[in-house]
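Keep the sequence and the 3D view side by side as you read. Each section takes up one part of the chain.

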Amino acid sequence: MRNGILTSNSAGNSGPFPVTVSNYAPWSLTVAASTIDRKFVARMQLGNGQMFTGITINTFDLNGTSYPLIWGGDAANYTIGSSPDIAKYCITGAMNADIVAGKIVFCEALWDGSGILLANGVGTIMADVLVENPDVAFSWPLPATLISPEDGKSVLEYIRSTENPTATIFYSDEWKDAMAPIVVSFSSRGPSPISPDILKPDITAPGVDILAGWSPLSPSSVYYDDERSTLFNIISGTSMSCPHASGAAAFVKSLHPNWSPAAIKSALMTTAYVMDPRKHEDLEFAYGSGQINPTAARDPGLVFDASETDYINFLCKQGYNTSTLRLVTGDNSTCASTTPGRAWDLNYPSFSLYVEDGQPITGTFTRTVTNVGAANSTYKASLYMPALISVTVEPSVLTFSAIGETQTFT
């Protein structure tokens, strides 16, 4: 940040649990992961004609051929101490190859497929009670699909009620996802575990089923020992969304080479698409300011700028002393005051009010905005608040007469 570089960081893949967000320093951009309007599905069909759809990238084509279908619990490798309660998860080594060979195996867990692959199985149908609504597709080392736990019950019932059960798994199809964008389940959620007065993550960007270049030396599926080589792959993660935000930041920087990292970050955050709160139980702790919108970020009108001094003052209020501060800054910075304080006056593009149970919900935020739009321009505050919350903006109208002019509001 000191050298004029905005760092785009992954929020982490530990969601949907709260307070799991990573990389929450206020001088960096923390990026959550959201879906795009394309999803990959792999259908499977039982011998009785029932068809189920799973969220999976299946690159193997069985040409519609049906194979014998068994439940993993019926293929326990008793010689190593396995049992139906273990084998039903299709864990590596728990399967009896004499039983699995040449068959499709129904597994009650999301696994890497190695248990069936090493036992010479043909494919796997997975259902996991911990993955009720699969929203991210993975590649596997053999024909595979991941169905819902409810559909898994139907598959198991078919196996137990049929003398010679069979199934086939189809090559993946690409479907349009009308629900997109939504923050994916694995994306880490806020609030920040250290400074909850700073909203984290900052923003969300495409991070699900992303096609990109891939090292041919890396495994091409979730199975670590998959020896297949590919130059491209489809991967999901906040490590996929943060590069999108990096590209958007570079795009804004190319148009405004003199903008500071804080100004670029502000432009990305204040112009983001508003996310649908009805689809997100975690609300802003899932998506921050919203879905990134690089085109709009070219012209944000106003930016919330911040300098190195602003971040040092923030750290001092957060309890750093001169010694611990210098561990972060790497220079001779000092804290003029070590009096603890809230982060409300850091010139941040979002507002977060952390309140302990039973305490009054009240806070005062001061912000300074810089005009980067039209020289002569006027901005008016518009508020959309729940009935029981009152917010006042003073002044409620800001009028500028020059580019680069600053105004402060509370």
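The report below goes from the whole chain to single residues.

## The model and its numbering

This is a predicted model: local features need pLDDT of at least 70, side-chain atom pairs count only at pLDDT 80 or more, and totals for chains, interfaces and linings use all residues. Residues are numbered from 1 along each chain as its sequence is written, and side-chain values use heavy atoms, with hydrogens and water left out.

## The whole chain

The chain has 10 helices and 18 strands. Both are DSSP runs, numbered from the N terminus: helices are H or I with at least four residues, strands are E with at least two. Along its principal axes, the C-alpha trace spans about 80 × 50 × 45 Å.

Of the 410 residues, 46% count as buried. Buried means under 20% relative accessible area, exposed means over 50%, and partly exposed lies in between (1.4 Å probe, protein chains only). The accessible surface comes to about 20,300 Å², and 54% of this belongs to carbon and sulfur atoms. Such areas come from the Shrake-Rupley method with a 1.4 Å probe; for residues, only the protein chains shown count as cover. Now take contacts, meaning heavy atoms within 4.5 Å. Among contacts between residues at least 6 apart in sequence, 63% join residues at least 24 apart.

## Two annotated domains

UniProt, in an unreviewed entry, places the feature "domain: Peptidase S8/S53" at residues 3-290. Over residues 3-290 the chain is 20% helix and 21% strand. The end C-alpha atoms of this span are 27 Å apart.

An unreviewed UniProt entry also gives "domain: Subtilisin-like protease fibronectin type-III", covering residues 345-410. The span 345-410 is 0% helix and 26% strand, and its end C-alpha atoms lie 10 Å apart. UniProt positions are given in the numbering used here, feature names are shortened, and annotations may be inferred rather than shown by experiment.

## Helix H6 and Ser266

How many residues of H6 are buried? The count is 9 of its 10 residues, so H6 is mostly covered. The buried ones include Pro261, Ile264, Lys265 and Met269. The buried residues of H6 pack against strands S2 (29-34), S11 (203-206) and S14, and against helices H5 (238-255), H8 (294-297) and H9 (308-317).

Ser266 is found in H6, which runs over residues 261-270. Its relative accessible area is 0%, so Ser266 is buried. Beyond residues up to four places away in sequence, Ser266 touches Leu302, Val303, Phe304 and Pro349. Compare Ile234: Ser266 and Ile234 are 32 residues apart in sequence and 30 Å apart in space, C-alpha to C-alpha.

Strands of a sheet pair through backbone hydrogen bonds, either parallel or antiparallel. Here, 3 strands form an open sheet in the order S14-S15-S18, with antiparallel pairing. S14 (302-303) and S18 (406-409) stand at the edges with a single partner strand each, so one side of each is left without a neighbour in the sheet.

Two strands pair if DSSP finds at least two bridges between them. S14 and S15 (residues 367-371) are joined by 2 bridges. In S15, Asn371 is the bridge partner of Leu302.

## Buried residues in loops

Asn77 has 14% relative accessibility, so it counts as buried. Ser82 is buried too, at 7%. Leaving aside neighbours within four places in sequence, Asn77 is in contact with Ser82, Gly93, Ala94, Met95 and Asn96. On the same terms, Ser82 is in contact with Ala76, Asn77, Ala87 and Ala94. The C-alpha atoms of Ser82 and Asn96 are separated by 9.3 Å.

Is Ser220 buried or exposed? Ser220 is buried, with a relative accessible area of 9%. Ser220 lies in the loop between strands S12 (210-213) and S13 (232-235). Among the residues that Ser220 touches are Ser139, Trp214, Asp226 and Arg228.

## A nonpolar patch

Leu383, Met385, Leu388, Ile389 and Val391 form a nonpolar patch on the surface. Together they have about 490 Å² of accessible area. Patch residues have over 30% relative accessible area and no salt bridge; like charges are joined within 9 Å, nonpolar side chains (Val, Leu, Ile, Met, Phe, Trp, Tyr) within 5 Å. A salt bridge is a side-chain nitrogen of Lys or Arg within 4 Å of a carboxyl oxygen of Asp or Glu.

Val391 is found in the loop between strands S16 (377-380) and S17 (397-400). Val391 is partly exposed, with a relative accessible area of 37%.
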